[in-house]
Amino acid sequence: MPPPAVDIQGVAHRYGEHQALRDVTLQVGPEALYGLLGPNGSGKTTLFRILSTLLPPTGGQAEIFGMDVTQHPDAVRDRIGVVFQEPALDETLTVRENLQFQGALYGLHGAALHTRIDALLHHLHVADRADDAVEDLSGGLRRRADLARGLLHRPDLLLLDEPTAGLDPAARRTFWNAVRRLRDAEGTTLLLATHLMDEAERCDRVGILSDGALVANGRPEALKADLGEETIWVATESPRLLRDHIEAQFGVATRIVGATLQVAPADPPAFLPALYDAVGDRIQSATLRRPTLEDVFMVHAGVAPGDDREHALARTAEPSD
Amino acid sequence: MHALRTVGALTAREILKFVRDRSRVIGALAQPLALWLLLGLGFQGTFQPPQGAAGGYGAFLFPGILALVLLFTAIFSTISIVEERTSGFLQGVLVAPTPRTALVFGTTLGGTLIATVQALLFLGALPLVNLSPGWLGVGMVVAICLLTGLAFTALGFAIAWQMDTTRGFHAIMNLFLLPLWFLSGAMFPAEGAAPILRVFVWANPVSYAVSGLRHGLHGFADPAATLAGPAVCLAVTAGFAGLMLALAVWEVRRPFFRP
């Protein structure tokens with residue numbers, strides 16, 4: 001059996017006093033799209049630096065296709081492509097010049113490189129701007145040109161660190177369509193770091209990082225299903241008081257999730273009026289819905305009301321970041 | 001072979017960037033030209049050349065101005081490293097399976113060629129100062145230009161690699177780039193200076209570059225105000241370049257993100 005694309009065993013990292021990663025263990029199978037979801041400062045970027053061979057971890061070990069990232073960095077670099085938070089393009093050069101430069105770094109040249117550049121730019125819909133300087137391109141085009149840079153040498157694993165940061169919704173959709181076309185064409189394994197839940201929803205599997213620890217890991221549907229089906233979500237100023245009250249009066253299962261209270265009666269739609277009758281004055285709003293990945297994050301990260309991680313994840317990106 | 005390809009690509013990139021940025025081309029030439037004209041014409045009547053020296057202050061200052069063009073063009077060709085190291089472009093190079101030493105050699109080679117071409121453009125003013133170096137003399141000038149360019153792009157690389165902001169880079173440069181030039185025998189002959197200054201001039205590697213340029217520009221006619229013979233000037237400049245390259249290579253091979 002071939003080794004997994006990514007195999008992380010008990011990786012820890014500490015910058016001076018700050019513990020950025022704590023005992024992270026996870027595997028990513030080949031040809032999967034794995035999403036690492038977490039707010040800023042949760043350790044995603046540190047983990048990416050370790051996997052891209054730029055930072056040796058202070059504990060544990062990480063392997064890419066069975067090769068240790070600190071012992072065989074060059075062998076690992078051959079197999080991975082990395083798309084950073086900022087496009088790694090020279091703005092004064094044209095897209096094509098940037099890709100030719102990138103090709104030289106991987107020992108590619110001549111007709112093979114030309115064909116590859118043309119094919120990628122065509123796939124990513126950048127072909128008609130190939131000879132424009134990068135500084136003249138829109139944010140979305142730059143990101144797609146940078147994606148072409150990361151994919152130029154046909155890596156088996158592509159690391160994407162918040163690749164759509166700063167893009168508007170339309171540009172993000174175009175970016176993801178391009179990623180999907182390339183996955184279909186080349187079967188690349190993707191590891192995505194994001195703090196956007198709708199991006200995490202696209203993934204085959206999701207790992208949730210909170211404060212440097214991997215607190216959940218599984219298929220998005222499975223993680224959400226663990227929190228139950230359709231339930232009532234109550235926004236209130238005093239979730240603990242309300243929980244005690246509801247449990248005493250109705251004997252219904254409840255759970256505090258961040259600043260909201262999840263109430264799981266047998267028949268939620270029928271229960272809603274009764275709930276309002278009993279404690280309506282303490283309810284700011286009550287919604288009937290299925291759990292989201294944000295709820296999963298809140299439950300597993302143990303986020304308490306008023307915690308600054310409470311709104312750390314975004315449902316979607318703001319129109320202009 | 002692979003490493004050479006990387007060096008070639010990085011060198012070509014430096015040159016393309018420089019040529020596309022017209023303000024950099026003009027700025028790197030106009031400033032030293034203005035300084036040369038102002039000082040040369042300003043001191044024309046008062047400057048006493050050391051015994052045996054031909055020409056006025058303009059001719060005396062000429063090798064020093066070449067050195068100034070070299071120092072500034074070479075060092076400031078590396079300023080983009082500060083931003084590219086933090087923003088992503090250079091991280092893209094570091095995650096590629098290519099030796100980091102190639103990053104140093106490609107970048108410094110590009111900066112060196114730019115600085116040398118800029119300095120050589122200045123040779124167009126030679127007839128104005130009545131200097132005739134001859135082909136061998138021009139060869140000497142080219143050799144000193146290449147070695148000095150290499151030394152200062154490597155030094156700039158080593159400093160830029162440590163900096164988080166271009167402001168910090170400018171601050172460090174201003175701290176010692178101009179003093180290095182002032183104390184190189186470029187503006188005044190070392191023999192006539194106060195003894196304490198003379199010590200600084202002798203200890204300053206740039207002095208040997210300026211002396212080497214003097215030898216070349218005067219066609220090895222044993223010009224005044226030189227610290228040592230042509231061979232020693234070449235050797236000191238080459239040694240300095242080697243030292244700076246070693247410093248840059250040592251730095252770039254350390255882990256990229258410090259724990």
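Author: Helices here are DSSP runs of H or I with at least four residues and strands are DSSP runs of E with at least two, both numbered from the N terminus. This is a predicted model, in which local features need pLDDT of at least 70, side-chain atom pairs count only at pLDDT 80 or more, and totals for chains, interfaces and linings use all residues. Residues are numbered from 1 along each chain as its sequence is written, while chains are lettered from A and ligands numbered from 1 in the order in which they are written.

Reader: How many helices does chain B have?

Author: Along the sequence, chain B follows the pattern α-α-α-α-α-α-α-α-α-α-α. Chain B has zero strands, and the number of its helices is eleven.

Reader: What is the radius of gyration of chain B?

Author: The C-alpha trace of chain B spans about 60 × 35 × 30 Å along its principal axes. The globule rule is 2.2 Å times the number of residues to the power 0.38, with the radius taken over C-alpha atoms. For 259 residues a compact globule would have a radius near 18 Å, which agrees with the value for chain B, 19 Å.

Reader: What percentage of the residues of chain B count as buried?

Author: A residue is buried if 20 or more other C-beta atoms, placed from the backbone, lie within 10 Å of its own, exposed if 12 or fewer do, and partly exposed in between. In chain A, buried residues make up 45% of 321 residues. For the 259 residues of chain B, the buried share is 49%.

Reader: How far apart are the end C-alpha atoms of helix α1 of chain B?

Author: The expected span of a helix is 1.5 Å times one less than its number of residues. The 19 residues of α1(B), residues 2-20, should therefore span 27 Å, and this agrees with the distance between the end C-alpha atoms, 27 Å.

Reader: Which elements do the buried residues of α1(B) pack against?

Author: The buried residues of α1(B) include Thr6(B), Leu10(B), Arg13(B) and Phe18(B). Contact requires C-beta atoms, placed from the backbone, within 7 Å. The partners are α2 (22-42) and α6 (100-121) of chain B, together with, from chain A, α3 (95-105).

Reader: How many residues of chain B are in contact with chain A?

Author: On the side of chain A, 27 residues take part, and they are in contact with residues of chain B numbering 25.

Reader: How many residues does the largest nonpolar core have?

Author: A nonpolar core is a set of buried Ala, Val, Leu, Ile, Met, Phe, Trp, Tyr and Cys residues joined through C-beta atoms within 7 Å. Ala67(B), which touches Trp181(B) and Leu213(B) among others, is one of the residues with the most contacts inside the largest core, whose residue count is 160.

Reader: What distance separates the centres of domain 1 and domain 2 of chain A?

Author: An automatic or database domain assignment sets the bounds. Chain A is divided into domain 1 (6-223) and domain 2 (228-290). Taken over C-alpha atoms, their centres are separated by 41 Å.

Reader: How far apart in space are Glu186(A) and Glu31(A)?

Author: Glu186(A) lies in helix α6 (residues 169-186) of chain A. Glu186(A) is partly exposed, with 15 other C-beta atoms within 10 Å. Glu186(A) and Glu31(A) are 155 residues apart in sequence, and their C-alpha to C-alpha distance is 9.3 Å.

Technical notes: Contact = placed C-beta atoms within 7 Å. Lists of a residue's contacts leave out its neighbours within four places in sequence.
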